[in-house]
Amino acid sequence: MSFIARVLGYIAAFFIAAMVLLTVADVVLRTFFSLPIPGMLELIELGLACTIFIALPAVFLRDEHLVVDVVDHLFRPAVVRVLDLLGALVSRGVLVVMAWQMLPLARAMHEFGDVTSDLSIAKIWYWIPVLAGVIASALATVVFILRWRR
């Protein structure tokens, strides 16, 4: 599982680096040559969707989600462990509902052939990383829950 988390992290890092490089190139081209990169907002939106939703399952697999330290100081370790389990169960439920609600929307958007306004990128390309990330995150919560039992 650590290999999968590492690969997902590298893919997310690639999209972050691409967004940074595109932004720098856009600023340089705009400043010195008055030549902005067309569709920058759409490219950054796509990169951001890929970054967030591809990295999300890696967060669950690595157990690196945000934790409030106050909880660790207020409760015993056994209580904190139970709260971790409850958080994973709630996360799983939310992620499953998200995937269930998003699949018909993505299918409809693909069938209608929706595209972005500037670059005419098919909007399904926005949905693919989001759906893959949500479904993979729901599966990663199962791994988290199974590890909790040990």
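## Contacts of M109

Not counting residues up to four places away in sequence, M109 touches D114, K123 and W127, where contact means heavy atoms within 4.5 Å. M109 sits in helix α4 (residues 77–112); helices are DSSP runs of H or I with at least four residues, numbered from the N terminus.

W127 has contacts with M102, L105, A106 and M109 when its neighbours within four places in sequence are left aside.

## Basis of the model

This is a predicted model, in which local features need pLDDT of at least 70 and side-chain atom pairs count only at pLDDT 80 or more, while totals for chains, interfaces and linings use all residues. Residues are numbered from 1 along each chain as its sequence is written, and side-chain values use heavy atoms, without hydrogens or water.

## Nonpolar core

The largest nonpolar core holds 20 residues, and those with the most contacts inside it are L95, M102, A106, W127, V130, L131 and V134. Such a core is a set of buried Ala, Val, Leu, Ile, Met, Phe, Trp, Tyr and Cys residues joined through side-chain atoms within 4.5 Å; buried means under 20% relative accessible area (1.4 Å probe, protein chains only), exposed over 50%, and partly exposed in between.

Two or more residues of this core come from each of α1 (2–33), α2 (40–62), α4 and α5 (124–148). The most come from α5, which gives seven.

## Aromatic pair

Rings of Phe, Tyr and Trp (its six-membered ring) pair if their centres lie within 6.5 Å; planes under 30 degrees apart count as stacked, over 60 as edge-to-face and the rest as tilted. One aromatic pair is counted by this rule. The ring centres of F14 and F15 are 5.4 Å apart and the planes are at 75°, so this pair is edge-to-face. F14 is exposed, at 54% relative accessible area, and F15 is partly exposed, at 23%.
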